[in-house]
Amino acid sequence: MSVFNQSRSRVIQIIFAAVFLVITIQLINLQLFSSKYKLAAENNAIYRKIVYPDRGIIFDRKKRALLENTISYDLIVTPSEAKGIDTLALCNLLEIDTAEYKKRIRDAIFKNTSVKPSVFEPLLSPDMYARLNENMYKFPGFMLSERSVRTYPYNTAAQLLGYIAEVDTAFLRKHKDEGYEMGDYAGMNGLERTYESVLMGQRGIKRFIRDNKSRIQGPYENGLFDTVAIAGRNLYTSIDVEVQQLAEKLLQNKIGSAVAINPRTGGIIAMVSSPTYNPNVLTGNARRKNWGRMVMDTAKPMYNRAIKGQYPPGSTFKPLGALVALDEGLITPSYGIGCAGGYGACGGVYVRCEHKNPGHASNLRLALANSCNSYFSDIFRKAIDNRKYGSTIKGYLKWKEYMNAFGLGRRLEVDLPSEDRASIPDTSKYNRFFGGPKRWNSCSVLTLGIGQDMMTATPLQMANLMCIIANKGYYYPPHFVDSIENETDEDTVLMGKYRNKHIVTNISDSAYQAVHDGMHDVTVYGTAAYIKIPGIEYCAKTGTAQNPHGKNHSLFVAFAPKENPKIAVAVVVENGGYGSVAAGPIAGFIMEKYLNDTISKAGLARVEEVSKTDLIPSAIKNWYQRKDIERQARIAMEEAAARAEEKEESHKGSTEAQLEPESRPVGGNDTGNKSKQIKSSLLLNNEPRKRRDTGKP
Amino acid sequence: MNRQNNISQGVDYVVVWLYAVLVAIGILCIFMVEYRTDTNWLQSFLGGKTNYSKQLIFSGICVVIALLILLTDSKLFTAFANLSYILGILLMLSTFVIGKNISGSKSWIPLGGGFNLQPVEICKIFTALALAKYLSRQETDFTKLKSQVIAGVICLLPAVISVAQHESGMALVYFSFFLVMYREGLSPAVLIIGFSFVALIISTLLIEPNTLAIILSVIALTFLYLSRKNIKKRKGLLYLVLVIWFACVGIQRFAVPFIFNNVLECYQSARVYSAFGKDYDCSQNKRSAKKSDKAPRKPDDYNVRQSKIAIGSGGFWGRGFLKGTQTRGKYVPEQHTDFIFASLGEAFGFAGSFVFLMIYLFLLIRIITIAERQRSTFSRVYAYSVASILFFHIAFNICMTIGLFPSPGVTLPLISYGGSSLVSFTILIFILLRLDADRQMVLR
């Protein structure tokens, strides 16, 4: 029998060999030709711990820190490890219900898988941290992780500094190659956004080996591939924190904006947009509470009117009108017209002038001092109808070119995100408006000469214009950051545009002198005569811009001192009426504070007075009242519900009472009513709520 | 007898050395899996607490057992073959009464001191002996169908019991005896039909039912066309082809889904499906649905995926001894028992794995060589049984770790941690060596 089947021995051996061959082929496939397994093994086993560096600090011009870093804690969860814990106990500690707990766990798994740690509750409040820290051992899978959070010791410049927030998916998509990861914080607005790359520093990565339960086994390759965290670099800005605070205070209870620039460098000293907010309400765990309300607020506290608000410059435009005519050689400083109360050369369009007395426009200086509408209408027409250019369109285009050169109708590339270019209308716009290029002429757009019509400018552009005039023909693009700590070549490129001198006109100093003299006269006997800076001569121009929606906007531009100007200011107060009334004093105090470093005793009383002047339109006040009523109704309902449940204390009620105990209002003029403090910290104009607050015990 | 004075006479030292090398590799691999940087390994090696030191103790026991076997008279094995088989079956049955549940299968008998015996491991030896005994009987004529059926029942009885114990992987191993029977004269058709059946099931899983039906029909028609002249002569061939075609389509359309949905448990079906890169929908499974009201959980192929990652990350030269992150991180479940090849593949790469496979192949070929030099049928059948059992274990285990086969849960011979496994393979091999040493004697 054995002889008979001997050959089958060979067959069995072949079967063995064949199976081993198949195994070998699969091994070759796995081990030699599939690189993904190596990667998968590393993803499994190597835990990359990100070491967050300290963010850079932003200093003002006297090296005072506008913001600082403090430590806050996040509660981190690894869902796969957080099984079988006392969910209810944790929920009680966190003051959430189990449904919310389950939802967050689901979200965490969805966002970051169940084996990777994700943020469960970000930025714990200090007492929450204390409570959790004691009980952490009960909750495996949860841990507390440090995170650096901004605080703002001066409670100021919220819109300039911006805020940092956790990156979202849209942000990650936009900044794909910059190494952000889910859970990182990045500057979202203001200087934090613009200088993100400088401030963020470089994250360090430590690699650890972990096992299948994500327990750390030790450093990977003894830390060979670890990188050290490099702290973010500091920014040194031209902001003067005291001037900024003063300007914010002066603009309280108003809607408007103020910008102050050092004309010699283009460094912005102060920039305010009112209403503003306390930057501390958008840091740490306060952010979540307040964000929604800030966004919903009809007065838009997060909207930076200084770079985004578009206002007709009105009479503050007149010095520029004069400069264009002077540069074109159309007039000389001694050019004058006779004005008898208005400009009527255009027939249909009649521009009224505030002055009737003869000789008030007999030269440039007088015309500026008296803000003669006729004079500037006249020289505007001269510029548009300049024979050199042949046609209205070409004349207008040349004029527009001037406007752009002076920084109007284009972005000044200030180092804040989302600056608006405002508007110097293009000819196409007028063609459309009038129905064709032949259908309009210098008379049709006559009021452009006095800063009305379709022209608008941002407060920043107006202040920059003042810089050009103060400097007699040049400017540095306005910016906040003077220097960066340990400046690199890359930073030098970034900062290069702010260090580049822009020469705008070729007008002689003597012609400029006429403009300066005229603007000086404004402060001596003109519209701004009663606004004085102790011991300093300054030049200014008031403006009262017609506002189709309501009361006129009050505008004021100025630079000081008259000789060797050190500060140029533009102030806009919406619905403020005459330029000298609402905006003028604000500009005056800003300049006084900056130049004299202090405000005279008499001035201080006046500051309080200006600060309290309420110029908020009734529509906005009504909105707040409505919201207050709604909120009160909601609180009342919740209290009733809480009583019905016979609970000792309703959580909602207590959170309302201690909404923001740590933040102080910027103005500091509060009476100490706690709930009023809350509101004013959120929004500097607390006036509309007074009625309700006083009504409350 | 002078044999007792010199037990080494006639022993095949090649096999002994291969055995020793493999056991050493096994202990090394278990050490690699269990090793932690902060422990004193020498101490824990001798401490008896860790798995590698336990395995070391087992291998010591195995040396004693091996010596005892070499000291016994080889006639003993033929004499007690049937008795031991009955004992083995009884042991297996006894697990239903005194069995201990370890990782889902109630197939262990507790021995005390933390040691457990798995009768199904030991029973392989007894079955091999019983088969050898039966085939070597003078009155057995293996060309007769009756003898073939009896031999098949001897082999498959333990398999049936182990399926009842939820040890389906072990049951598969008992099919290895069909290789032995093939060598002894079983018609190759059995192997071919068996292989074709497996191929059909696999293609059922891989290919759309309708597509596969069309493919089968095309094959049948092509065959009919090619053999049209033969069919004219013999009508029977036509009917045969038609019946086979009908059976194939029937299996493919109805039998396979029926088996997966009604016979196998959900996790088993899912394992089979996942081995071929498919997801099994447990809601179709009647057995799981009957057992519990809650929706059957969908098990994933985590084990095999991690095992493939471990082996794949080894590359050509491997990541080095004790340097594999998959192994150190314990990502592969059961990596000291069933999935130990994953650690080996990660640490020593393709080069190491290939050398390792060659050691195994060399051992198998060596055993077949030994088998063919036997003069007695008993020894030859037994030797083939040893080779086939080893081969099935190796093939199933390694194919499982590299994702070629669903994980049936068989150990890697002489490498995997576990006393039952090591001892039973030791006994298996050393009985062979004893028989081989006495090959000059005619044992019927």
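## A walk through chains A and B

A:Ser371 lies in the loop that runs between α14 (364–370) and α15 (373–384) of chain A. The model is a predicted one. Start with the backbone at this residue. Phi of A:Ser371 is near 50°, which is positive in a residue other than glycine. Is A:Ser371 buried or exposed? A count of C-beta atoms settles the matter. There are 27 others within 10 Å, so A:Ser371 is buried, the cut-off being 20 or more.

Now step back to chain A as a whole. Chain A has 26 helices and 20 strands. It runs to 697 residues, and 43% of them count as buried. Take the contacts in chain A between residues at least 6 apart in sequence: 72% of them join residues at least 24 apart.

How confident is the prediction here? The average pLDDT of chain A is 83, and 92% of the residues score at least 70. One stretch needs care. Over residues 649–697 of chain A, pLDDT stays under 50. For that stretch, the model has 80 contacts beyond four places in sequence. Where pLDDT is low, the predicted coordinates should not be read in detail.

Next comes a sheet in chain A. Which strands form it, and in what order? The order is β12-β11-β20-β19-β18 of chain A, five strands in an open sheet with antiparallel pairing. The edges are β12 (267–274) and β18 (539–545) of chain A. Each of these two has a single partner strand, so one side of each is left without a neighbour in the sheet. From one strand to the next, the twist averages 5°.

Look inside the sheet at one pair. Strand β11 (residues 256–262) of chain A pairs with strand β20 (residues 567–573) of chain A through six bridges, in the antiparallel sense. One residue pair can be picked out: A:Gly256 has A:Val573 of β20(A) as its bridge partner. A helix packs on this sheet. It is α21 (residues 583–596) of chain A, and it touches β11, β12, β18, β19 (553–560) and β20 of chain A. The direction of α21(A) makes about 150° with that of β20(A).

One joins A:Ser274 and A:Pro275, with omega at about 0°. A:Pro275 lies in the loop between β12 and α11 (286–296) of chain A. Another cis bond runs from A:Ala560 to A:Pro561, and its omega is near -15°. A:Pro561 is in the loop between β19 and β20 of chain A.

Turn to chain B. It has 19 helices and three strands. Of its 444 residues, 46% are buried. Among contacts in chain B with a separation of 6 or more, residues 24 or more positions apart account for 68%.

One helix pair in chain B deserves a look. Two packed helices are described by the angle between their axes and the distance between the axes. Helix α5 (residues 119–136) and helix α19 (residues 419–437) of chain B pack at an angle of about 10°, and their axes are 8 Å apart. Angles under 35 degrees count as roughly parallel, and α5(B) and α19(B) are therefore roughly parallel to each other. On the α5(B) side, the contact is made by B:Glu121, B:Ile122, B:Lys124 and B:Ile125. The residues of α19(B) include B:Ser420, B:Ile427 and B:Ile431. By class, this contact of α5(B) with α19(B) has five nonpolar, three polar and two charged residues.

Finally, the two chains meet. How many residues of chain B are in contact with chain A? There are 40 of them, and they contact 32 residues of chain A. The elements of chain B that give two or more residues to this side are α8 (177–183), α15 (302–313), α16 (325–328), α17 (340–372) and α18 (377–401). The largest share is that of α17(B), with eleven residues. By class, the side of chain B that touches chain A has 20 nonpolar, 13 polar and seven charged residues.

Note on methods. Residues numbered from 1 in each chain as written. Chains lettered and ligands numbered in written order. Predicted model: local features only at pLDDT ≥ 70, side-chain atom pairs only at ≥ 80, totals over all residues. Contact = placed C-beta atoms within 7 Å. Helix = DSSP H or I, 4+ residues; strand = E, 2+ residues; numbered from the N terminus. Nonpolar A, V, L, I, M, F, W, Y, C, P; charged D, E, K, R; others polar. Pairing = 2+ DSSP bridges. Axes fitted to C-alpha atoms, helices over the stretch in contact; angles between N-to-C directions. Buried ≥ 20, exposed ≤ 12 C-beta atoms within 10 Å, placed from the backbone. pLDDT = per-residue confidence, 0-100. Parallel < 35°, antiparallel > 145°, perpendicular 65-115°, else oblique.
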